[in-house]
Amino acid sequence: MSTQTCPRAAGDPSSREEVGAAEDAELAKAILARQFHPSVLGPESWEGYRFSDMEIRIKESTDLYGAVLWPSAMVLCHFLETNQDKFCLRDKNVIELGAGTGLVTIVSSLLGAKVTSTDLPEVLGNLQYNVTRNTKGRCKYTPLVTELTWGQEAERLFPRITHRFDYVLAADVVYSHPYLDELMDTFEHLCQEATQILWAMRFRLDPENSFVDRFRQRFHLERLYDLPSLSIKLFRAWRKEKRTKNHGEAPA
C-alpha cells in the first residue's frame, strides 16, 4: 500500500483539532502528489492519479459541471487509503453520492468495497466509462453505476428494508447547490443505524457553512481533516438516533 505519511488516527481526540500550518502543508502536498499528468499527449486527454498502488486514468468532461474532478475527491481517497485500519472498506456496502468522474468510487472498489456509484443522468456516461476503465479485472466486486437524483424516488431505488449501506461517501456535493434540502433528505434516507458518512467538502460560500449547521441538527459530526491551504474539510457523521450509553459514539 501507499507509503505516504498518514494523518492522525481518526480516534485520537487531537484529530478533531485544526492541523497546524506545517502539518497542513505537508498533508496537502502528499494529497496533491497523488495526481500526475501524462508524459506524452495521446488522442484522448486524461488526468492521472495513483492510489492503492494503481495508476488511475480519469477522463473529464469540461462541458458538464459534475464531470470535472475536484480536489475534495483526492482528499477523501487519500484518507480512505491511509486509514484502512479504522475505516476498512473490504467487503463493505458503500454508496457514493455525486460521484462525478468516479475517482472515489474507483479507489473504494480497489480497496475491496462493494460500491454503488450514483449521479445525475447526464453524468453517467462519462462516469461509467471511467469506472469500467479503471476497475475491470482489478476489483473483487464490479461497481454499480446508477442514476440518483437527490430527493426523488430514493425509497424506490434504494428501499431501506433491503439496501443497508456501511458507508455513504460524498466529495464536494455542496457547492452553491439549489437542491440542498433534497441532499439532506437523501443522506437521511441512506443512513441507517450502523451507517457512517465520510464527506469531504470545500468551503467557498455561506451556503456551505449554513448547510453544515443544519446537518448537525440531524447527525453527529466529527472533523477528521481540516486543510486550510485547500479550503477543504473532511467529516465523519452518523445518525443522532445512534446515541448509546457510550455517549453516541459510532460503532467500530
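This is a predicted model: local features need pLDDT of at least 70, side-chain atom pairs count only at pLDDT 80 or more; totals for chains, interfaces and linings use all residues.
A residue counts as buried when its relative accessible area is under 20%.

| Strand paired with β8 | Sense | Bridges |
|---|---|---|
| β7 (residues 167-171) | parallel | five bridges |
| β10 (residues 232-239) | antiparallel | six bridges |

Leucine 198 is a handy place to look in β8. Leucine 169 stands opposite leucine 198, while in β10 the bridge partner of leucine 198 is arginine 236.

**The cores**

Both of those leucines turn up again in the largest nonpolar core, which has 43 residues. Leu169 and Leu198 are among the members that touch the most others, along with Tyr49, Ile56, Leu76, Leu103 and Tyr225. Helix α2 gives this core its largest share, seven residues. Apart from this core lies another one of 27 residues, including Ile95, Leu183, Ile197 and Met201.

Take Tyr49 for a closer look: leaving out residues up to four places away in sequence, tyrosine 49 touches Arg34, Gln35, Phe36, Met54, Glu55, Ile56, Ile58, Leu69, Met74 and Leu103.

**How α1 meets α2**

Helix α1 (residues 21-32) packs against α2 (residues 71-82) at an angle of about 95 degrees, their axes 9 Å apart. Angles of 65 to 115 degrees count as roughly perpendicular, so that is how α1 and α2 sit relative to each other. On the α1 side the contact uses Leu27, Ala30, Ile31 and Leu32, and these meet Met74, Val75 and His78 in α2. Sorted by type, the residues of this contact are six nonpolar, one polar and no charged.

Terms used. Residues are numbered from 1 along each chain as its sequence is written. Side-chain values use heavy atoms; hydrogens and water are left out. Axes are lines fitted to C-alpha atoms, for helices over the stretch in contact, and angles run from 0 to 180 degrees between N-to-C directions. Helices (H or I, at least four residues) and strands (E, at least two) are DSSP runs, numbered from the N terminus. Angles under 35 degrees count as roughly parallel, over 145 as roughly antiparallel, 65 to 115 as roughly perpendicular and the rest as oblique. Contact means heavy atoms within 4.5 Å. Ala, Val, Leu, Ile, Met, Phe, Trp, Tyr, Cys and Pro count as nonpolar, Asp, Glu, Lys and Arg as charged, and the others, Gly among them, as polar. Two strands pair if DSSP finds at least two bridges between them. A nonpolar core is a set of buried Ala, Val, Leu, Ile, Met, Phe, Trp, Tyr and Cys residues joined through side-chain atoms within 4.5 Å. Buried means under 20% relative accessible area, exposed over 50%, partly exposed in between (1.4 Å probe, protein chains only).
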